[in-house]
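Q: I would like to learn to read this structure feature by feature. Where do we begin?

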Amino acid sequence: MKRHTVLPYGISFALLLGVLLLSIAVGSVFISPLTILTIFRLQLTRQPVPPDWQPFVTILFALRLPRTVLMAITGASLAGSGSAYQGLFRNPLADPYLIGVASGAGLGAILAMSLNWPATVMGLAVVPVAAFVGAMLTVVIVYSLARVGHALPTTNLLLAGVAVSSFASAMTSFLLINSTGDLRRALVWLLGGAALSGWAPVLAELPYATVGLVALLAMGHALNVMQVGDEQAQQLGLPVEKVRRWIILFASLTTAAAVSFAGIIGFVGLVVPHVVRMLWGADYKRLMPLSIICGASLLLGADILARVIMPPQELPVGIIMSLVGAPFFLWILRRARNQNYW
Amino acid sequence: MQVENPMLRVENVSVQYGLRLILDQISFSVQPGTIFGVIGPNGTGKTTLVRALSGTIPLLSGQVWIGDEEVTRLSPQQRARRLAVVPQARNLPPAFTGYELVLLGRTSHLNWLGQVSAKDEACVRLALQRAQATSLADRRIGDLSGGEQQRLLLARALAQEAPLLLLDEPTTHLDLQHQISTLEAVRSLVKEVGLTVLIVLHDLNLVSRYADRIAVLSDKTLLAVGTPEEVLNAELLEEVYHLPLQILHQTASGRPIILPAVL
């Protein structure tokens with residue numbers, strides 16, 4: 001009577017593990033996974049590493065590992081918020097990038113960077129908070145622009161998303177041109193998280209992403225109930241308005257976490273929940289965790305590609321995601337017409 | 001008829017959409033363990049009545065009581081435990097399985113994490129069985145017929161374990177066989193489980209056969225409330241439906257049969 005539950009998690013975790021290892025292994029210097037595992041084992045058991053492996057240790061712990069973890073958190077956040085937005089709007093094309101939330105978060109982040117706001121206020125990192133405010137404002141604006149009564153037609157959602165997203169991008173460019181602050185930091189950020197290095201961004205992103213993702217994971221059943229529409233959801237006992245506000249809050253927080261530290265990366269939030277839904281069904285109690293795991297895998301995969309396609313140059317991971325994601329988006333747009341599996 | 005405290009009591013309920021009055025001073029009550037039918041032409045506010053009773057739209061005036069509790073004072077969760085709605089099958093999420101859809105009926109019983117206990121699962125299985133929908137549990141909603149979806153919606157309402165069931169034209173999508181089997185299932189639920197049912201129906205003969213009492217809605221107001229024998233008379237119905245009618249009384253069930261007396 002219930003779908004197979006263990007297999008999807010097994011497959012997703014195995015995939016994630018494989019991509020994680022590969023992501024640590026691949027780069028200007030290839031370090032074999034076996035060497036990596038040996039170094040990990042030696043470090044964990046506090047045994048000395050052979051001297052000719054010392055450079056590997058530095059590369060692993062100072063460069064590859066933080067970047068890999070950052071990409072994994074970012075991918076997980078984008079896919080998690082993507083499935084939350086899709087469930088919230090009951091629309092297969094809702095994605096933090098397409099509905100403009102990512103651009104809104106980007107505008108908030110650039111605002112903080114280009115105006116030389118202090119890095120922290122009362123212990124809170126300012127950039128992610130500004131990104132969060134930008135994301136929340138955008139989602140509220142897009143939602144109120146696109147809504148017709150209780151319905152949210154796909155075309156309206158996309159049009160409102162495009163308009164608000166363009167506006168936010170234009171504002172971002174304007175701010176960059178007139179920037180009095182550290183322009184290089186902002187530009188580097190716009191190209192994607194690639195250039196950020198070290199553990200600082202990881203540690204800064206982690207709390208926001210964790211809070212957002214854990215909250216979204218707890219909303220699986222609520223998201224399921226939302227799928228039958230507001231009226232029936234209410235009759236089934238869900239406090240719809242309250243739940244909707246919480247989902248917007250946490251999905252926006254999660255998006256903001258991703259955007260603040262990795263720039264604007266599209267389509268992860270669109271592609272991943274779709275593939276998971278097609279493979280393993282629409283139950284959000286399973287869709288959400290599986291999307292989060294697979295989102296990490298997808299962005300790591302794209303990041304590996306970004307590093308190996310034109311060595312020694314590294315492409316921004318956002319470009320790779322758009323190259324993969326845009327055709328996928330068109331395909332979904334065609335499929336969505338008959339609402340076959342949504 | 002034995003006088004008990006009514007399960008559902010509707011007092012002077014009026015509902016307005018924008019500037020348009022949809023229901024005007026409706027009052028009636030439904031005794032526990034009975035089937036209460038609501039009939040009336042299209043656009044007389046039958047679906048609005050279901051919405052008003054389930055607390056999903058604001059009332060302009062009046063009150064709805066379930067037992068001794070007033071509906072608008074209850075939280076959505078409390079309401080869902082006392083009253084379950086079987087809506088018309090439309091726009092259901094096609095990728096859900098039958099089981100997943102029926103499980104939504106447990107919403108008001110789950111904790112905030114939405115954890116499903118063995119009791120919830122047992123309850124869903126029983127509801128599927130009572131609605132004759134067990135075979136639909138693993139099927140995708142998008143692959144099911146309107147009638148099959150309707151049975152799952154009945155199961156979902158039963159999974160709520162509410163004493164009061166509101167059905168909004170549950171037989172619209174069904175063929176004759178499934179109309180009868182659905183209503184037989186509802187009747188046996190009333191007899192065996194002791195549910196109280198309010199059912200909106202278009203088919204006068206079905207309502208005549210299954211309802212203990214009937215309310216006739218016409219042009220925003222309640223025209224009559226009574227037993228099938230009292231309400232289903234040619235004079236009243238011709239006034240409501242603007243159509244010459246013939247009523248047959250010599251039937252096995254003792255309930256009247258209504259035929260359009262067309263030329």
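A: Begin with a sheet in chain B: six strands form an open sheet in the order E6-E7-E8-E3-E9-E10, with mixed pairing. Strands pair if DSSP finds at least two bridges between them. Helices (H or I, at least four residues) and strands (E, at least two) are DSSP runs, numbered from the N terminus. This is a predicted model: local features need pLDDT of at least 70, side-chain atom pairs count only at pLDDT 80 or more, and totals for chains, interfaces and linings use all residues. Residues are numbered from 1 along each chain as its sequence is written, while chains are lettered from A and ligands numbered from 1 in the order in which they are written.

Q: Which strands are the edge strands of this sheet?
A: Strand E6 (83-86) and strand E10 (221-226) of chain B; each pairs on one side only. From one strand to the next, the twist averages 15°. Axes are lines fitted to C-alpha atoms, for helices over the stretch in contact, and angles run from 0 to 180 degrees between N-to-C directions.

Q: How should I read the pairing inside the sheet?
A: Strands of a sheet pair through backbone hydrogen bonds, either parallel or antiparallel. Here, strand E7 (residues 164-168) of chain B and E8(B) pair in the parallel sense over five bridges. Leu167(B) stands opposite Ile199(B) in E8(B). Helix H1(B) packs on this sheet and touches E3, E6, E7, E8 and E9 of chain B. The direction of H1(B) makes about 155° with that of E7(B). Touching means contact: C-beta atoms, placed from the backbone, lie within 7 Å.

Q: What are the partners of E3(B)?
A: One is strand E8 (residues 196-200) of chain B, paired with E3(B) in the parallel sense over four bridges. In E8(B), Val197(B) is the bridge partner of Ile35(B). Another is strand E9 (residues 213-218) of chain B, which runs parallel to E3(B) and is joined by four bridges. There, Ile39(B) stands opposite Val216(B).

Q: Are the faces of E3(B) covered or open?
A: In a regular strand the side chains alternate between the two faces of the sheet. Both faces of E3(B) are covered. Ile35(B), Gly37(B) and Ile39(B) lie on one side, Phe36(B) and Val38(B) on the other, and all are buried. Strand E3 (residues 35-39) of chain B has five of five residues buried, so it is largely enclosed by the rest of the structure. A residue is buried if 20 or more other C-beta atoms lie within 10 Å of its own, exposed if 12 or fewer, and partly exposed in between; C-beta atoms are placed from the backbone.

Q: What about the sheet of four strands in chain B?
A: This open sheet has the order E2-E1-E4-E5, with antiparallel pairing. Strand E2 (20-30) and strand E5 (69-70) of chain B stand at the edges, each with a single partner strand, so one side of each is left without a neighbour in the sheet. Strand E1 (residues 8-17) and strand E4 (residues 61-66) of chain B pair in the antiparallel sense over five bridges. Ser61(B) in E4(B) is the bridge partner of Ser14(B). Helix H1 (residues 46-53) of chain B packs on this sheet too, touching E1, E2 and E4 of chain B. Its direction makes about 65° with that of E2(B).

Q: Now chain A. How many helices and strands does chain A have?
A: Chain A has 14 helices and two strands. Buried residues make up 50% of its 342 residues.

Q: How do I describe two packed helices?
A: Two packed helices are described by the angle between their axes and the distance between the axes. Take helix H12 (residues 268-280) and helix H14 (residues 317-335) of chain A: their axes come within 9 Å and cross at roughly 55°. H12(A) and H14(A) are therefore oblique to each other. Angles under 35 degrees count as roughly parallel, over 145 as roughly antiparallel, 65 to 115 as roughly perpendicular and the rest as oblique.

Q: Which residues make the contact of H12(A) and H14(A)?
A: H12(A) gives Val268(A), Leu270(A), Val271(A) and His274(A). H14(A) gives Met321(A), Gly325(A), Phe328(A), Phe329(A) and Ile332(A).

Q: What is the case for H2(A) and H3(A)?
A: The axes of helix H2 (residues 33-44) and helix H3 (residues 54-89) of chain A come within 11 Å and cross at roughly 85°. H2(A) and H3(A) are therefore roughly perpendicular to each other. Thr35(A), Ile36(A) and Ile39(A) in H2(A) meet Phe56(A), Val57(A) and Leu60(A) in H3(A).

Note on methods. Two residues are in contact if their C-beta atoms, placed from the backbone, lie within 7 Å.
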